[in-house]
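Here is a short briefing on one protein chain. Keep the structure open while you read.

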Amino acid sequence: HFLIPQKRERSSWISKLLQVNRSNYSQCQVKTNRKSHRGTIKSCQREGSTRYFDFAVIGSGIAGLRYALEVAKHGTVAVITKAEPHESNTNYAQGGVSAVLCPKDSVESHMQDTIVAGAYLCDEETVRVVCTEGPERIRELIAMGASFDHGEDGNLHLAREGGHSHRRIVHAADMTGREIGRALLEAVVKDPNIYVFQHHFAIDLLTTQDGSDIVCHGIDTINTETQEVIRFISKVTLLASGGAGHIYPSTTNPPVATGDGMAMAHRAQAVISNMEFVQFHPTALADEGLPIRPSNARENAFLITEAVRGDGGILYNLDMERFMPSYDERAELAPRDVVARSIDDQLKKRGEEYVLLDISHKPTEKILSHFPNIAAECLRYGLDITQQPIPVVPAAHYMCGGVRAGLEGETNVRGLYVAGEVACTGLHGANRLASNSLAEALVFARRAVQPSIDHMNISKIDHSASSWWARPVAPLLLGDTVLNKVIHRTREVRKELQSIMWEYVGIVRSTSRLTLAETRIIELELKWERYLFQHGWEPTMVGLEACEMRNLFCCAKLVVSSALSRHESRGLHYTIDFPHVEESKRLPTVIFPSQLNSSWSSRQLHKQQIC
């Protein structure tokens, strides 16, 4: 199921990826005499624990909300979100959105910067689309009420970040994602066609087989507050569920980023691509270097935005020796993969836990106006960034790989679209250029709208559909004592998995360490599953901790197998066994669907073998 295509050009292989031959898939047993209903659903329809919608959106970040606002003009929309609607990677995005808005800048320049940062693995057509359409998507946000920083001349203030040759980062101080999320959520709340289901954790996509095609019909969820399993039947499903940062122990991602969408899509036979390219942000706040240590361990690392280096921040080791110029001529403005590897090298050579990022040589008022959130967070722990350097360390930040998508967010699963970090559009190649992620999410959320509407218009809702799949069940029958044991063991296993990933699948890799990681992850997964089933867990049972764990295992295995297949060092994937870029290897990594998965984590719940 794992291979690298032989041609790089989109025209020669992307269409094949999105029309994978699935003739060896097991057939779903579904009824053929379906009573159907064509046309839009006039309101939120429910029958017991089943909801019927024209569109189901999984995730409430920038991609999911922007898409929901557009498709809501054509039908009913369920926005399914794991926690509170604002809890997404978007909310934590500090830097901004990249877009060509300065007369001295150009689409060609933005494209070149993106392709260079992506180590020439980017899909050029995708890059052109995002760089061309990004500015208009920004204007739409402003029209919706998003407020960005302006300069003294009244124009948008454009920041510069690592890897960019021009100032092109639109931002709202150092809280850009929060501002965009605020504007989008306000519009969503006012839209009568959009229904937000918070604290609904997506479990698995609901799929059937139609000849050689896999078709998506919606999603099973569990309400994590009531433990009720809710089934959403929809004509179109958009996955916009974010990344998988929590496969590592330290990540800038919020707690909800456990790779749920990537894992669900993989189990549903979607094509996955470029999972070896995990971006470690070079500068997360290192708590061990703060004057006052936080009393409780953070659920996610606090990000120190790229823009601090873009504004003149300098990296030093603990002897206050500037080190970046000895690694790269671009120094602190080198792309993230270069800076993260350089910091990692310094830490290993010197046996230290963090390095220092100093912006204190800049005017105080400038620091406080550009980075108020960072200044306030550091001051909570006794650090004044206008006077002292900031202790920083790399942390898992962004998945450049994900569910393979075409130019309209389409996947090889009919009725399933993807946008945002969960998708692999080809924009980022082997390394994401700073602030390109929000731009990509906006562009692809918008591009997925028309094909989604077209698909909705030719699709039918069958109100007997809810009975086509076995229903997952909450593990209430286990009792509190057993359930608490299972949850406790699952949390321990999660930490073990994260430790393996950081130790063996981190910033610098080797074949022997990746192979060891693969073995240890499989052994840990099987041991965990045995523990569950020995304590009365059944294959169709679902709970937040257990389902997150199965998704983390799935994503970790995808990262490791992808990394093992790339016999070169390119962008974010650096291996000491193949330390150089190989032109012949300049190809996307692709994981095709497989029916050979034997673990509980690898199969859709409604396809479990009941023991």
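In this predicted model, D260, G261, M262, A263, M264, A265, H266 and R267 of helix α7 are buried. Helix α7 spans residues 260-267, and eight of its eight residues are buried, so the helix is mostly covered. Helix α16 is one of the elements that touch α7.

**Helix α7 against α16**

- The axes of α7 and α16 come within 8 Å. They cross at roughly 75°, which makes α7 roughly perpendicular to α16.
- On the α7 side, the contact is made by D260, M262, A263, H266 and R267.
- On the α16 side, it is made by E548, R550, N551, C554, C555 and L558.
- By class, the residues of this contact divide into five nonpolar, two polar and four charged.

**After helix α7: Q269**

- Q269 follows α7 and has a positive phi.
- The value is near 80°, in a residue other than glycine.
- Most residues other than glycine have a negative phi.
- Q269 lies in the loop between α7 and β13 (272-273).
- Is Q269 buried or exposed? Q269 has a relative accessible area of 4%, so it is buried.

**Helix α14 against α16**

- Helix α14 covers residues 480-504, and helix α16 covers residues 544-565.
- Their axes come within 10 Å and cross at roughly 15°. That angle is under 35 degrees, so α14 counts as roughly parallel to α16.
- The crossing of α14 past α16 is left-handed.
- From α14, the contact takes in I487, T490, R491, V493, R494, L497 and M501.
- From α16, it takes in E545, A546, E548, M549, L552, F553, A556, V559 and V560.
- The contact of α14 with α16 has 11 nonpolar residues, one polar and four charged.
- An α-helix has 3.6 residues a turn, so residues three or four places apart point the same way.

**Helix α15 against α16**

- Helix α15 runs over residues 511-534. The axes of α15 and α16 come within 10 Å and cross at roughly 155°.
- That angle is over 145 degrees, so α15 counts as roughly antiparallel to α16.
- α15 also passes α16 in a left-handed crossing.
- Which residues of α15 make the contact? They are T511, L514, T515, E518, I521, I522, L524, E525 and W528.
- The α16 residues in this contact are A546, M549, R550, F553, A556, K557, V560, S561, A563 and L564.
- The contact of α15 with α16 has 12 nonpolar, three polar and four charged residues.

**Helix α2**

- Helix α2 covers residues 62-71. The rest of the structure largely encloses α2, because 10 of its 10 residues are buried.
- The buried residues of α2 are I62, A63, G64, L65, R66, Y67, A68, L69, E70 and V71.
- Charged residues R66 and E70 are among them.

**The loop between α4 and α5**

- A119 is found in the loop between α4 (107-117) and α5 (124-143).
- A119 has a relative accessible area of 13%, so it is buried.
- Leaving aside residues up to four places away in sequence, A119 touches A430, R570 and G571.
- A119 and R570 are 451 residues apart along the chain. Their C-alpha atoms are separated by 6.3 Å.
- Y120 is found in the loop between α4 and α5 too.
- What is the phi of Y120? It is positive, at about 60°, although Y120 is not a glycine.
- Y120 has 42% relative accessibility, so it counts as partly exposed.

**The chain overall**

- The protein has 611 residues, and 63% of them count as buried.
- Its secondary structure comes to 16 helices and 22 strands.
- Consider contacts between residues at least 6 apart in sequence: 76% of them join residues at least 24 apart.
- The protein exposes about 23,100 Å². Carbon and sulfur atoms supply 50% of that area.

Conventions: Residues numbered from 1 in each chain as written. Predicted model: local features only at pLDDT ≥ 70, side-chain atom pairs only at ≥ 80, totals over all residues. Heavy atoms only, no water. Helix = DSSP H or I, 4+ residues; strand = E, 2+ residues; numbered from the N terminus. Buried < 20%, exposed > 50% of the residue type's maximum accessible area, 1.4 Å probe, protein only. Contact = heavy atoms within 4.5 Å. Areas by Shrake-Rupley, 256 points an atom, 1.4 Å probe, with all protein chains shown as cover. Axes fitted to C-alpha atoms, helices over the stretch in contact; angles between N-to-C directions. Parallel < 35°, antiparallel > 145°, perpendicular 65-115°, else oblique. Left-handed = near helix turned anticlockwise from the far one by under 90°.
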